[in-house]
Amino acid sequence: MNAAVVNVLGQPPRFQAFPDPTPQEGEVVIQVRAAGLHPIVKALASGTHYAGKGEVPSVPGLDGVGTLPDGRRVYFTFARKPWGSLCERTVAPLARCLPLPEAIDDAQAAAIVNPGMSAWLSLRDRAKLAGGESVLILGATGVAGQLAIQAARHLGARRIIAAGRNVEALSAHHVNAIVPLGQSEDAVREGFAAEVAAGIDVIIDYLWGRPTELLLEALARSFNPNATRPVRLVEVGESAGKTISLPGATLRSVDLRILGSGFGSVSLQGVFDAIPTLFEMAAAGTFRVAVEAVPLAEVEEAWNRPEKGSRIVFVVRGG
């Protein structure tokens with residue numbers, strides 16, 4: 001069969017022949033129709049992600065949409081290595097295949113689960129967002145950040161503040177306030193300080209690095225004696241930096257809880273159990289992500305293409 005194959009860590013996969021999978025007990029061969037190019041897929045393929053071993057040759061991809069031998073259209077995950085989802089056929093546990101609502105097309109279903117679960121579980125399970133609370137999303141202009149805006153609104157957030165560089169991408173999301181991160185650091189500080197003064201209960205952080213440091217500076221300068229719950233900062237990504245400097249005084253001056261959301265901090269079973277709810281919201285129009293459909297044969301060219309508010313989904317011919 002044809003597949004996107006990683007032969008050298010750190011280099012884009014090539015579209016080439018790869019052995020067909022053979023199912024083991026409890027597994028099923030899936031004819032792949034579409035699979036998303038999520039940031040974690042690229043990190044795992046490069047060998048830089050903490051959950052990956054960097055084995056080659058292998059087929060990247062965490063999840064996708066395909067058909068079972070009996071013709072049922074399903075969303076699948078947990079494909080057995082070295083087969084991922086960026087191939088014509090893969091193999092995965094039958095128990096990890098979920099039927100898809102007719103209202104969701106292949107590309108939308110393949111695109112939405114990874115960033116959607118990131119947003120949904122970070123807000124609902126990690127931050128435990130309560131109705132009427134305020135949410136600030138660092139990195140709101142990315143695909144996951146835009147879905148976090150939708151998730152916060154669905155969960156009853158009173159106020160949603162978006163922080164990001166491509167602020168034009170936020171015009172359709174009707175947030176309450178925007179902090180542009182392309183400004184000078186002094187301007188960003190002022191923007192964060194104004195929002196902290198208005199009240200922030202939850203921070204969903206896809207950036208880390210310097211933007212997080214500036215926000216924590218603003219929090220450290222605030223004092224809210226009427227706060228009834230701690231500020232919960234959920235670290236989800238690190239597109240602006242892998243580390244931060246965190247003065248001890250910040251922790252002494254703010255009732256702050258720092259949590260993570262990812263492999264290890266959220267159980268894989270918990271993620272899988274929440275997916276049907278996500279599909280229900282997507283079918284109802286509550287969740288929606290912009291998609292850029294690309295033929296799988298063009299994987300090498302598209303692999304390092306910058307994500308600009310839409311998720312690349314590889315469409316498999318004949319899927």
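The model is predicted, so local features need a pLDDT of at least 70 and side-chain atom pairs count only at pLDDT 80 or more, while totals for chains, interfaces and linings use all residues. Residues are numbered from 1 along each chain as its sequence is written, and side-chain values use heavy atoms, with hydrogens and water left out.

**The whole chain**

- The protein chain holds eight helices and 15 strands, where helices (H or I, at least four residues) and strands (E, at least two) are DSSP runs numbered from the N terminus.
- Its radius of gyration, taken over C-alpha atoms, is 20 Å, close to the 20 Å that the globule rule gives for 319 residues, so the chain is as compact as a globular protein of that length; the rule itself is 2.2 Å times the number of residues to the power 0.38.
- Along the principal axes, the C-alpha atoms of the protein chain fill a box of roughly 60 × 40 × 35 Å.
- Of the 319 residues, 50% are buried, a word that means under 20% relative accessible area, with exposed meaning over 50% and partly exposed lying in between (1.4 Å probe, protein chains only).
- Among contacts (heavy atoms within 4.5 Å) with a separation of 6 or more, 72% come from residues 24 or more positions apart.

**Helix 1 and the residue after it**

- Helix 1 covers residues 39-46, and its residues Ile40, Val41, Ala43 and Ala45 are buried.
- These buried residues of helix 1 pack against strand 3 (27-36) and helix 2 (106-126).
- Gly47 follows helix 1 and has a positive phi, near 85 degrees.

**Helix 5 and its cover**

- The twelve residues of helix 5 (residues 209-220) should span 16 Å at 1.5 Å a residue, and the end C-alpha atoms are 17 Å apart, which agrees; the expected span is 1.5 Å times one less than the number of residues.
- Helix 5 is mostly covered, since nine of its twelve residues are buried, including Gly209, Pro211, Glu213 and Leu216.
- The elements that cover the buried residues of helix 5 include strand 8 (134-138), helix 4 (185-198), strand 12 (231-235) and helix 6 (248-253).

**Thr250 in helix 6**

- Thr250 is found in helix 6, and Thr250 is buried, with a relative accessible area of 5%.
- Leaving aside residues up to four places away in sequence, Thr250 touches Leu216 and Ala220.
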